[in-house]
Amino acid sequence: MPSEKAFAYKYKLEAIKAQGKRRDLTSTQLAWKSESADELGANSTESGDTVRRYIRLTNLNNQLLEKVDERKLAFIPAVELSYLSKKEQGFLVDVLTREENFGVPMKQASMLKNMSQTKPLTFEQIDQIMTAKTRNTVSSFKVPYKKVQDFFPKTVTPKEFEKTIIEALSYYFEHQQDLDLDR
């Protein structure tokens, strides 16, 4: 699982740093930490950048890390979200749980990261960014034909099918109170 890999890389990197080697004598002043991640990557057939991304996942709260493991939250957006504070990550989990969708597009993840680095995000700001995504991406809805085929004659056209469904939904929502009282 990505979380296991992330913590394994983190612990290995900490062990390398704790060995007490004076890497600063043989490498540039700023690069030695990166070289350790590159070493880990070379030993595991992954790039140093990928190792650093995995290690970055260890900054996610448990709920978000679980969603990465369940493949409900993509890896790269999760890395971006790892830069949010724990409080901001908690707000994000609340929004995503309410929306019942843990898919966070890269655009929103980057936006949240960038805004968070400027000043702490509020629940309302996170909610606005995430729900704007949801509203804009819902462009169509499909009903599996097998589930409704018994209600229509075989000669119905797709246009007639759509018209009937829309009329039925309109009727339902117009008369919902009446229907609820009949129950």
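1. Helices here are DSSP runs of H or I with at least four residues, and strands are E runs of at least two, numbered from the N terminus. E167 and K163 both sit in helix α10 (residues 158-174), four residues apart, about one turn of the helix. Their side chains form a salt bridge (3.8 Å, N to O). K163 is exposed at 53% relative accessibility; E167 is partly exposed at 45%. Buried means under 20% relative accessible area, exposed over 50%, partly exposed in between (1.4 Å probe, protein chains only).

2. This is a predicted model: local features need pLDDT of at least 70, side-chain atom pairs count only at pLDDT 80 or more, and totals for chains, interfaces and linings use all residues. Residues are numbered from 1 along each chain as its sequence is written, and side-chain values use heavy atoms, without hydrogens or water.

3. The salt bridge count is six. The rule asks for a side-chain nitrogen of Lys or Arg within 4 Å of a carboxyl oxygen of Asp or Glu.

4. D49 and R52 pair at 2.7 Å, N to O. They are about one helical turn apart because three residues separate their positions in helix α3 (residues 48-57).

5. K113 bridges to E80, with the closest N and O atoms 3.8 Å apart. This pair links distant parts of the chain: K113 is in helix α7, E80 in helix α5, 33 residues apart. Both are buried.

6. K67, E70 and K72 form a network of salt bridges. E70 lies in the loop between α4 (62-69) and α5 (75-81).
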